[in-house]
Amino acid sequence: MKTNASRPGAPPPPVPGAPVLSPPVLSGTAPGRGRARYWAVRELVTVGVFAALTKVSSLLVALMGGGMNPLTLVLKNLVFTVLALVLLFKLRKAGTLLLFTLVNVLVSMLLMGGGFFLLPSMLAAGLAAEGIILLLGGYRNEMALVAGIACYDILFKAGSFGVSWLFVREQPELLWFTGVVVAIGYVGALAGLPVGLRFLRELRHAGIVHE
């Protein structure tokens, strides 16, 4: 005598007239669904927050320092390097520095209406720094991240000087002044590397940044 009871674990018998679903649909992994994106929303928000912090901190340093002076230039570049280094160590994903650069330019345009003329040099520096990080071992290599930030700073400063030369090449005194400003800014960027690494050690102790 046959029984209608199904074996444990066996799929239920088909209902007459019901549509037949393929295995991917049954398991919830149909094509085009459930695919992980390269950038999660949380990561994009993190990049945006760090980009906004760099601009807000630059404004605060300029206000507290009374305008453009050597100390202000050093502090602004130091803070920028520290925040960029912390961001790279926190996300550890290829393209983070380039995305951070793009968002930084957008924030500059929104807050201060500037940054357009610096966009080519920032993008070129970001692409070159990403390539250097990749060649030195990728985002999992700490020294590669430090070297990438250092190269980004000097390439961006050199590009900024080149843009300034296009506008003031007929006024040598202004060109010399721009060169001094760029050099002082890079001193602050270099100082930001050891400060950033020290800050990262404290963040790791606090569990905010992981290995």
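1. Arg92 is buried, with a relative accessible area of 11%, where buried means under 20% relative accessible area, exposed over 50% and partly exposed in between (1.4 Å probe, protein chains only). This is a predicted model, in which local features need pLDDT of at least 70 and side-chain atom pairs count only at pLDDT 80 or more, while totals for chains, interfaces and linings use all residues. Side-chain values use heavy atoms, with hydrogens and water left out, and residues are numbered from 1 along each chain as its sequence is written.

2. Arg92 and Glu142 meet through their side chains in a salt bridge at 3.9 Å, N to O, a salt bridge being a side-chain nitrogen of Lys or Arg within 4 Å of a carboxyl oxygen of Asp or Glu. The pair links Arg92, in the loop between H3 and H4, to Glu142 in helix H6, 50 residues apart; helices here are DSSP runs (H or I, at least four residues), numbered from the N terminus.

3. Glu142, partly exposed at 27% relative accessibility, also forms a salt bridge with Arg204, the closest N and O atoms being 2.8 Å apart. Arg204 lies in helix H7, 62 residues from Glu142, and Arg92, Glu142 and Arg204 are linked in a network of salt bridges.

4. Lys93 forms a salt bridge with Glu43, with the closest N and O atoms 2.8 Å apart. Lys93 lies in the loop between H3 and H4 and Glu43 in helix H2, so the pair ties together parts that are 50 residues apart in sequence. Lys93 counts as buried at 17% relative accessibility, as does Glu43 at 9%.

Methods. Helix = DSSP H or I, 4+ residues; strand = E, 2+ residues; numbered from the N terminus.
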